[in-house]
Amino acid sequence: MRRTRSSDPKKRRRDASRAKAVLPSTYDPAEREVASFPIVGIGASAGGFEALTQMLQNLPSDTGMAFVFVQHMDPEHKSMLPKLLSKATQMPVVEAQQGMVVQPNHVYVIPPKSDLGVIN
């Protein structure tokens with residue numbers, strides 16, 4: 001998942017090397033305008049589904065923010081979390097994927113057996 005581009009050349013080099021190590025993709029940040037919106041990261045234990053659902057039910061679908069949910073889950077089972085959470089909001093709820101561009105008014109859910117990083 002990617003977001004914005006820094007104007008500081010040293011920081012861009014540092015971020016680029018980290019991006020290659022953490023989340024390689026074909027995404028070229030120079031091809032996109034700099035996005036300016038908050039990304040809200042929310043962590044939850046396996047029992048946090050109800051809290052995540054209640055939060056989404058009480059948020060407007062046009063907050064201008066992106067939401068990234070990291071919930072502890074069984075690594076051996078396919079996650080139903082995106083499908084279940086999508087019933088609680090009008091925002092698109094998707095499973096995060098490598099190289100995906102973060103967009104406002106979207107909800108991203110960590111896939112099972114994964115580490116998640118939002119870069120740039």
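The predicted model contains three helices and four strands. Their order along the sequence is α-β-α-β-α-β-β. The protein has 120 residues, of which 33% are classed as buried. Its accessible surface amounts to about 7500 Å², and carbon and sulfur atoms contribute 51% of this area. Among contacts with a sequence separation of 6 or more, 72% are made by residues 24 or more positions apart.

Helix H2 spans residues 49–57 and has buried residues at Leu 52, Thr 53 and Leu 56.

With a relative accessibility of 26%, Met 55 is classed as partly exposed, because the buried class is limited to values under 20%. When residues up to four places away in sequence are set aside, Met 55 touches Ile 42, Phe 67 and Phe 69. The C-alpha atom of Met 55 is separated by 8.7 Å from that of Ala 88, which lies 33 residues away along the chain.

The C-alpha atoms of Ile 39 and Ala 66 are 4.7 Å apart, although 27 residues separate the two in sequence. Ile 39 has a relative accessible area of 25% and is partly exposed.

Ser 79 belongs to the loop between E2 and H3, and its relative accessibility of 9% places it in the buried class. A polar atom of the Ser 79 side chain lies 3.0 Å from the backbone nitrogen of Leu 81. Leaving aside residues up to four places away in sequence, Ser 79 touches Met 73, Glu 95 and Pro 112. Thr 89 lies in the loop that runs from helix H3 (81–85) to strand E3 (93–95). Thr 89 is likewise buried, at 12% relative accessibility. The side chain of Thr 89 reaches the backbone nitrogen of Met 91 at 3.1 Å.

The loop between E2 and H3 also contains Met 80. Met 80 has a relative accessibility of 44% and counts as partly exposed. Together with Phe 49 and Leu 84, Met 80 forms a nonpolar patch on the surface. The accessible area of the patch is about 250 Å².

Backbone geometry at two positions was also examined. Most residues other than glycine have a negative phi. Asn 105 is not a glycine, yet has a positive phi of about 60°. Asn 105 is placed in the loop between E3 and E4 and, at 23% relative accessibility, is partly exposed. Lys 113, also not a glycine, has a positive phi of about 55°. Lys 113 lies in the segment after E4. Its relative accessibility is 63%, so Lys 113 is classed as exposed, the threshold for this class being over 50%.

Conventions. Residues numbered from 1 in each chain as written. Predicted model: local features only at pLDDT ≥ 70, side-chain atom pairs only at ≥ 80, totals over all residues. Heavy atoms only, no water. Helix = DSSP H or I, 4+ residues; strand = E, 2+ residues; numbered from the N terminus. Buried < 20%, exposed > 50% of the residue type's maximum accessible area, 1.4 Å probe, protein only. Polar contact = N/O pair within 3.5 Å; in protein donor to acceptor, adjacent residues only side chain to side chain. Patch = residues over 30% accessible without salt bridge, like charges linked within 9 Å, V, L, I, M, F, W, Y side chains within 5 Å. Areas by Shrake-Rupley, 256 points an atom, 1.4 Å probe, with all protein chains shown as cover. Salt bridge = Lys/Arg side-chain N within 4 Å of Asp/Glu carboxyl O. Contact = heavy atoms within 4.5 Å.
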